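Trainee: I have a model open and want to learn how to read its features. Where do we begin?

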Amino acid sequence: MTRTPVALLLLSITATLLASCNSASPATAPAPGAVPPITVTNPPVQSLPPNALPDPLVDHPGQVAPRFGFTAAMAIQSGDTVASMQAASGGTVLTWDDASGALIGLNANKDGTAPSASSLSASLGRAVAVDANRDQLGAGGTITAVMSGSKIAWAGGNLSAWSAGSKIAWAGGEYTPIPQNTQTWNAIHLQQAQTLAPNLGAGVVVAVIDTGLDLDHVAFKDALTDQSTWWDFYGGDAVPQDEGTLGTGGYGHGTNVAGIILQIAPKSKIMPLRVLGPDGSGDVSGIVSAINWAVAHGAKVINLSLGSATNVKPINDALLAAAAKKVLTVTSAGNNSRGTLTYPAQNRYQLPSLVSVASVDLMGLKSSFSNYGLATAVVAPGENVFAPAPGNMMASWSGTSQAAPMVAGGLALALGQTLKVPMMALPGAVSFSAANKIYTNSANWVYAAQLGSGELDLAALMSQTVK
Ligand SMILES: [Ca+2]
């Protein structure tokens, strides 16, 4: 297997995207002859999100919901209505959350400049923060191997089905659903953790805010939340199907991330929320909407294998509101090989329920692509991690995107048991239980204290947190 250079993301993706997205026509009807549409069979009972386009219960491949160049964030005051806020701002209300406030989508001025925060502040009668919105976030991973052909097809079966758990999944020390991952799972003591947490995450919902999932993949049978809790914020419909061409951009990224979580916590349920397009990038407003949605629809853990070079206040506010409702978030450190993490990971000390995850190889050495820094909570082995790929296939990816869902799955394992610590102590416990022996390797000395407390140790995490 060849490892492609992990050049990445935010800057290059943003640049290419700004160009390519100009040609994407917003809100167009699905192309005739496209893939047969996936229909939601249990229509959502809740009111639809503001970005719902006509006929939202059927998937519309290629459709892109309207995208705004900027967002204006503000507190909600008594007497405000969506209509009054839109009239005063001239924009479109994208999110409306009592805790984290309102986010309004705005286009650039005719001369291309950003809308004026002071003018908006004057017309709305409160403080307003204006931020760039479009393509501000990117997925943090690169596909490294696609298994194709008859022997490459997915052979692991339905991941939620080995409910008998570790006895079926592990045979003679081998991880039988995907033997290629045996060393990776041994590095974080997964087999022992699953023995200590025999409910395997049952009853815990993990929201995967990403490129969507291949919803029809056999690995995800019985492993997803009810369809009424799904949403595609990028496409403006209720079907968060992963879209694109395998091996290109972000296609398959969310499918891989969800598949990693289910290998760790196979009885947890994944809530698929799509915010990134086929190229792997997406807008601030979609991510804020998805975080609010995940909290409102019962997620206990949110996985954000994405990040931005910019510190985005609306995302921080949404994560603070999630923490206030005891929802934990795991996010990737980014793949720029730099000593600063992408946001929101870089804000770990400001966001109490956030775990930021960097990547190491199977020897515990920092992955060449991984960011590092004092805001890192923990590292996990994010290189060549195999998981389902669209089309009932399997593929490996490398990135901090692959390290983060190992922590999200670990939190789901713990939350599936009776805890012996307060729930909000779990993010700290991920660090306290980490194995700091990575720092005994001289190759890591240059990163002293910048790879977090050490490498994720799921067995130690379970023994410290569950009864
Ligand atoms: Ca869709």
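Mentor: With burial. A residue is buried if 20 or more other C-beta atoms lie within 10 Å of its own, exposed if 12 or fewer, and partly exposed in between, with C-beta atoms placed from the backbone. Note that this is a predicted model: local features need pLDDT of at least 70, side-chain atom pairs count only at pLDDT 80 or more, and totals for chains, interfaces and linings use all residues. Residues are numbered from 1 along each chain as its sequence is written.

Trainee: Why is D80 classed as partly exposed?

Mentor: Because D80 has 17 other C-beta atoms within 10 Å. D80 sits in the loop between β1 (70-74) and α2 (82-89). Helices (H or I, at least four residues) and strands (E, at least two) are DSSP runs, numbered from the N terminus. L124 is 44 residues from D80 in sequence, yet their C-alpha atoms are 9.9 Å apart.

Trainee: How do β2 and β3 pair, and over how many bridges?

Mentor: Two strands pair if DSSP finds at least two bridges between them. Strands β2 (residues 92-97) and β3 (residues 101-106) pair in the antiparallel sense, over five bridges. D97 has G101 in β3 as its bridge partner. Three residues make the hairpin link from β2 to β3.

Trainee: Which residues touch the most other members of the largest nonpolar core?

Mentor: A nonpolar core is a set of buried Ala, Val, Leu, Ile, Met, Phe, Trp, Tyr and Cys residues joined through C-beta atoms within 7 Å. The largest one here has 127 residues, and V206, I261, V357 and V407 touch the most other members. Helix α10 (residues 400-415) gives the largest share, ten residues. Domain 1 (70-133) and domain 2 (138-465) each supply at least three; the bounds come from an automatic or database domain assignment.

Trainee: What is V357 in contact with?

Mentor: Contact requires C-beta atoms, placed from the backbone, within 7 Å. Leaving aside neighbours within four places in sequence, V357 has contacts including V330, A377, A403 and V407.

Trainee: Is helix α12 mostly covered or uncovered?

Mentor: Mostly covered: six of the eight residues in α12 (residues 458-465) are buried. Among them are L458, L461 and T465. Their cover includes α6 (190-196), α10 and α11 (426-432).

Trainee: Where does pLDDT stay under 50?

Mentor: pLDDT is the predictor's confidence in each residue, from 0 to 100. The chain averages 87, and 85% of the residues score at least 70. Values stay under 50 over residues 1-30 and over residues 147-152. Where pLDDT is low, the predicted coordinates should not be read in detail.

Note on methods: Contact = placed C-beta atoms within 7 Å.
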